[in-house]
Amino acid sequence: MRPLLAAAAFAASLMSTGLAAAQPASVSVSIGRKLERLGEETYGRRDVAELAADLKRSVERELARTGALPGARVELVLVDARPNHPTFKQLGDRPGLAYQSVGLGGATIEGRIIAADGAETPVAYRWYETEIWQSAYGATWSDAEWTFDRFSRRLASERTIARR
C-alpha cells in the first residue's frame with residue numbers, strides 16, 4: 001500500500017508544481033457528404049465507418065506517442081476515400097466483380113486544429129496512388145490507410161498542412 005501512496009503523493013506534487021503532462025489532444029472524425037453517399041450507394045456503410053474509426057485511431061496513436069498538440073481539439077472530416085479492391089458491398093452488388101480487381105486508392109482529409117489557446121489552424125491532406133501495379137498487393141483500403149498514417153505522422157510532428 002505504501003508504494004501506491006507514494007505514487008499518489010508524487011503525482012499530487014507534480015500537479016501542484018505544474019509539471020504534470022498536459023491533456024492529450026482530443027480527436028473527432030466525421031464523414032463528408034460525398035463519402036457518406038458513396039458509403040450508402042457503393043462502398044457500404046460499415047466500410048466507411050471503419051475508415052473513419054481507423055483515421056481517428058491513427059491520429060490519436062501518433063499524437064499520444066509524440067505528445068504533440070497538448071490540450072488541442074483536432075476536428076477532421078474524411079472527405080473522400082477510394083479502395084484498392086472492391087468492397088464487400090461492391091462484390092455483392094455486382095456478382096461478376098472479383099476481389100482481384102484493382103484500382104488506384106487513396107483519401108482526402110480536411111479539418112481544423114483548435115489549440116489550447118483557441119487559435120485555429122485549418123488542415124487538409126490528400127494522397128492517391130498513381131501506379132496501378134502498387135495497388136495489386138494491398139488490402140481493400142491499403143492506400144487510404146497509408147494516407148491516414150502519413151497525415152498522422154505529419155500532424156504529430158507538427159508539420160501541419162494548411163489548407164490552400
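**Sheet and nonpolar core of a predicted model**

S2 and S3 pair in the antiparallel sense over 9 bridges; two strands count as paired if DSSP finds at least two bridges between them. This is a predicted model, in which local features need pLDDT of at least 70, side-chain atom pairs count only at pLDDT 80 or more, and totals for chains, interfaces and linings use all residues. Residues are numbered from 1 along each chain as its sequence is written, and side-chain values use heavy atoms, with hydrogens and water left out.

Sheet
- An open sheet is formed by 4 strands in the order S1-S2-S3-S4, with mixed pairing; strands (E, at least two residues) and helices (H or I, at least four) are DSSP runs numbered from the N terminus.
- Strand S1 (26-31) and S4 are the edge strands, each pairing on one side only.
- From one strand to the next, the twist averages 20 degrees.
- Ala 81 stands opposite Ala 107 in S3.

Helices on the sheet
- H3 packs on the sheet and touches S1, S2 and S3 (contact: heavy atoms within 4.5 Å).
- The direction of H3 makes about 160 degrees with that of S1; axes are lines fitted to C-alpha atoms, for helices over the stretch in contact, and angles run from 0 to 180 degrees between N-to-C directions.
- H6 also packs on the sheet, touching S2, S3 and S4, and its direction makes about 30 degrees with that of S3.

Nonpolar core
- The largest nonpolar core has 29 residues, and Leu 63, Leu 69 and Phe 151 have the most contacts inside it.
- Such a core is a set of buried Ala, Val, Leu, Ile, Met, Phe, Trp, Tyr and Cys residues joined through side-chain atoms within 4.5 Å, where buried means under 20% relative accessible area (1.4 Å probe, protein chains only).
- Leu 63 touches residues including Val 27, Leu 69, Val 74 and Leu 155, not counting residues up to four places away in sequence.

Key:
Buried means under 20% relative accessible area, exposed over 50%, partly exposed in between (1.4 Å probe, protein chains only).
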